[in-house]
2 protein chains.
Amino acid sequence: MTTSGLTFSPEIEARLDAAARLCSQQGATLTPLRREVLGLVLASDQPIGAYALLDHLRRSRATAAPPTVYRALEFLLERGFVHKVERLNAFIGCPSATDHAGHDHPHAVQFLICTCCGRVTETEDEGIASAIARAAERAGFRHTRATVEIEGVCRACAG
Amino acid sequence: MTTSGLTFSPEIEARLDAAARLCSQQGATLTPLRREVLGLVLASDQPIGAYALLDHLRRSRATAAPPTVYRALEFLLERGFVHKVERLNAFIGCPSATDHAGHDHPHAVQFLICTCCGRVTETEDEGIASAIARAAERAGFRHTRATVEIEGVCRACAG
DNA sequence: CCGAAGCGCGTTACACTATAACATTGTGGA
DNA sequence: TCCACAATGTTATAGTGTAACGCGCTTCGG
């Protein structure tokens with residue numbers, strides 16, 4: 001094994017390639033480090049914390065430190081490739097960011113956090129988004145973004 | 001000064017008294033420590049962090065440590081006297097908890113976070129709550145509570 | 001060719017947030 | 001009296017996040 005970095009499943013590699021294309025369209029670079037961090041987030045079926053990412057990262061980059069992963073995450077967050085789940089202090093990959101290219105305005109997203117299995121799914125519910133917009137306007141509040149994190153039990157766990 | 005603890009404004013003292021009454025109705029006790037922590041949260045015009053609370057607390061209780069304030073906050077959170085703003089890792093007093101007594105089911109609340117002045121106001125918007133309930137049901141998700149934190153610029157800051 | 005400027009990352013150190021675990025105190029009841 | 005429990009004290013540590021400085025590399029104008 002002389003390859004640099006990790007290799008992920010074909011599905012994830014395809015999404016990483018798509019992310020790389022989006023980056024270069026924007027004049028940014030999905031460097032090997034950023035690609036690896038994004039791959040690790042995508043490969044996790046649950047939200048993953050920064051220090052868990054760091055542990056994984058160190059398998060291929062022994063000297064990685066907190067700023068290593070936080071800087072990569074900052075880059076990925078800015079571009080919408082990953083999201084942060086505030087209640088969990090953890091990160092998830094954004095399914096839509098690499099699917100349909102370059103939706104410029106950051107769609108309002110919501111998270112469904114299953115307290116049973118720990119998985120988090122993302123939705124883009126227009127009803128919630130517009131209800132928030134109306135409530136903000138009614139309060140004279142010029143809103144820029146909203147964090148919506150819904151806790152409960154997912155369909156699979158509820159049986 | 002031989003009084004124990006701090007003293008707050010008459011408005012806040014009145015709310016503290018109301019909270020104490022609610023506690024005793026529930027068989028709980030708003031101890032001097034808990035009362036003081038709640039008073040400090042209510043006296044802050046912005047969300048206040050646990051360690052800022054700890055600093056204030058130490059003026060009257062020199063030996064206070066992190067668990068001191070976190071345990072008081074846990075008690076106050078459980079009863080809805082304070083809320084945590086996840087994006088800020090900080091706490092705010094709940095205006096409605098001490099106003100109208102004993103609404104048993106925890107109303108869905110939302111926060112409007114002004115990125116300009118740092119103040120956070122609380123709303124109880126039925127439109128947002130029902131939109132969340134609909135979206136969750138559509139996803140087969142049995143939701144128990146939702147965190148809604150809306151960032152933007154408040155009316156006062158926007159001018 | 002040279003030097004400045006900017007990006008990406010390494011590296012060290014530290015700040016901030018939160019909890020575990022055990023000890024102590026006081027109160028009320030069997 | 002002894003026990004049980006609630007509340008807090010106390011010590012230590014875990015978990016999350018950032019500041020600050022330096023270095024190598026590329027690019028680009030002079």
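Where is the place of A:S96? A:S96 lies in helix α5 of chain A, residues 95-99. Helices here are DSSP runs (H or I, at least four residues), numbered from the N terminus.

## About the model

This is a predicted model: local features need pLDDT of at least 70, and side-chain atom pairs count only at pLDDT 80 or more. Residues are numbered from 1 along each chain as its sequence is written, and side-chain values use heavy atoms, without hydrogens and water.

## A:S96

A:S96 is buried, with a relative accessible area of 10%. Buried means under 20% relative accessible area (1.4 Å probe, protein chains only).

The side chain of A:S96 makes a polar contact with the side chain of A:E124, at 3.2 Å. Such a contact is a pair of N or O atoms within 3.5 Å, and within protein one must be able to donate a hydrogen and the other to accept it.

## Two helices in chain A

Helix α1 (residues 10-25) and helix α2 (residues 32-43) of chain A pack at about 135°. Their axes are 10 Å apart. Axes are lines fitted to C-alpha atoms over the stretch in contact, and angles run from 0 to 180 degrees between N-to-C directions. The angle makes α1(A) oblique to α2(A). Oblique covers what is left after under 35 degrees (roughly parallel), over 145 (roughly antiparallel) and 65 to 115 (roughly perpendicular).

## Two helices in chain B

Helix α2 (residues 32-43) and helix α4 (residues 66-78) of chain B pack at about 80°, with axes 9 Å apart. They are therefore roughly perpendicular. Residues in contact (heavy atoms within 4.5 Å) include B:L33 of α2(B) and B:F75 of α4(B).

Methods
Chains lettered and ligands numbered in written order. Buried < 20%, exposed > 50% of the residue type's maximum accessible area, 1.4 Å probe, protein only.
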